[in-house]
Amino acid sequence: MPENQEYTPNTPSINHNKMTHRWSMMDTVMGGTETIRAKGKEYLPKHVGESDLRYKNRLEESILRNITKETLEALAGRPFSESVTISDDTPEQMKMLYANIDQQGNNLDSFLMEWFRSSISKGFCHVLVEFPRIQPKEDGKPRTLADDRQEGLRPYFVRVEPENLISVDTEVISGFEVISQARIRRKVIQKVGRWGSRNILEVMVLEPGKVELYRQVDPEDSASDWALVDAWETGLSFVPLVSFYTEREGDLLCTPPLQDLAYVNIAHWQSSSDQRVILSTARLPILAAAGLSEEESASIEVGPFKFLSTEDPGSKFYYVEHNGRAIEAGSNDLESLENWMSSYGAEFLKKKPGNQTATARALDSAESISKLKAWVLNFED
């Protein structure tokens with residue numbers, strides 16, 4: 001960040017900025033044909049000498065074969081082919097929450113699968129354990145657990161996508177790493193008059209025991225100041241935020257496991273785009289003529305119901321057709337990329353031989369463990 005630029009509650013951490021491009025690429029590929037077409041030249045470069053019209057037509061005819069998304073769905077769904085098992089020592093009060101764990105109608109299984117899925121896609125994802133704001137009793141007496149239950153107040157999970165956790169600070173206390181501050185960016189819809197609405201950007205600053213809420217003073221101006229609009233105490237000695245990393249490289253830093261696959265998928269998108277152009281060209285033979293004057297050539301109309309003739313016996317008409325070598329080369333390239341992508345997901349299921357830690361050997365009697373299984377074991381913790 002430039003030295004003369006002021007820091008605000010909305011200022012992302014350095015690691016968050018490093019991840020932005022990675023997440024953008026993953027979102028683009030996961031979004032499918034419509035999303036990658038919207039990115040235009042960023043993922044489908046324009047050829048030298050290609051007219052704007054030809055490029056526009058090529059872009060609109062290109063189709064993404066989304067093997068990256070297929071691989072993600074297969075990997076994320078595999079651990080949840082059976083329902084999540086709840087340990088016997090889980091308190092009954094907790095079990096009662098699992099049918100609607102996020103207050104949005106999702107049970108524990110579906111919520112955890114989406115959390116796991118997002119983590120594989122982006123490298124990590126977070127869950128914030130929330131609780132409704134508590135209002136003081138009208139009679140001034142202290143609130144009790146019975147009061148909360150009577151009003152239906154209960155904790156619930158909120159999935160925080162990696163893009164929205166813009167900063168996290170940690171410190172080591174008594175040998176354990178704990179969160180000292182976390183900042184979560186979110187968009188809320190604000191009513192404008194009777195009929196209108198607009199998006200408002202907010203940042204929640206969570207610290208042990210308290211939460212502060214900041215909002216842009218002028219929502220229409222991205223450079224406007226930020227103001228503290230609300231604050232409350234949580235009564236907790238910690239920040240109730242849980243993060244799952246596939247392979248952690250630092251706070252908010254991780255290479256998405258399917259990043260390389262997404263790059264190959266983009267290469268396939270580009271190659272298939274060229275292949276469709278070649279096919280369109282090769283399917284239509286070019287009519288050529290020899291021995292015609294420039295005037296005769298200009299007057300010729302080509303079509304299925306047209307008859308071509310010339311008075312010069314030395315002149316002739318003929319078709320020039322593609323020999324197909326470029327088509328074959330393009331087809332081989334696509335097949336090679338598809339084979340590579342198809343085998344990519346299987347690598348996460350293969351057991352990795354070699355020396356393992358005592359913990360790994362205890363977890364797997366074969367003394368080898370797949371990357372997917374390692375993720376599941378860490379996720380379980």
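Is Glu177 buried, partly exposed or exposed, and what is its relative accessibility? Glu177 comes out at 46% relative accessibility, which puts it in the partly exposed group. Keep in mind as you look around that this is a predicted model. The views below zoom in on some of its salt bridges, and a search of the whole structure turns up 16 of them.

**View 1. Arg248 reaches Glu177 across the sequence.** The side chains of Arg248 and Glu177 pair up in a salt bridge, at 3.5 Å from N to O. Arg248 sits in the loop between β8 (241–245) and α8 (259–282), while Glu177 belongs to strand β4 (residues 176–192), so this contact ties together parts that are 71 residues apart in sequence. Arg248 is partly exposed, with a relative accessible area of 42%.

**View 2. Arg248 also meets Asp251.** Here the Arg248 side chain forms a salt bridge with that of Asp251, with 2.2 Å from N to O. Asp251 has 22% relative accessibility, so it counts as partly exposed.

**View 3. Glu92 and Lys95 pair up within a helix.** Both residues lie in helix α5 (residues 92–95), and they are three residues apart, or about one turn of the helix. Glu92 is exposed, with a relative accessible area of 51%, whereas Lys95 is partly exposed at 30% relative accessibility.

**View 4. Asp27, Lys122 and Glu163 join in a network.** What links these three residues? Asp27, Lys122 and Glu163 are connected through a network of salt bridges.

Definitions and conventions
Residues numbered from 1 in each chain as written. Predicted model: local features only at pLDDT ≥ 70, side-chain atom pairs only at ≥ 80, totals over all residues. Heavy atoms only, no water. Salt bridge = Lys/Arg side-chain N within 4 Å of Asp/Glu carboxyl O. Helix = DSSP H or I, 4+ residues; strand = E, 2+ residues; numbered from the N terminus. Buried < 20%, exposed > 50% of the residue type's maximum accessible area, 1.4 Å probe, protein only.
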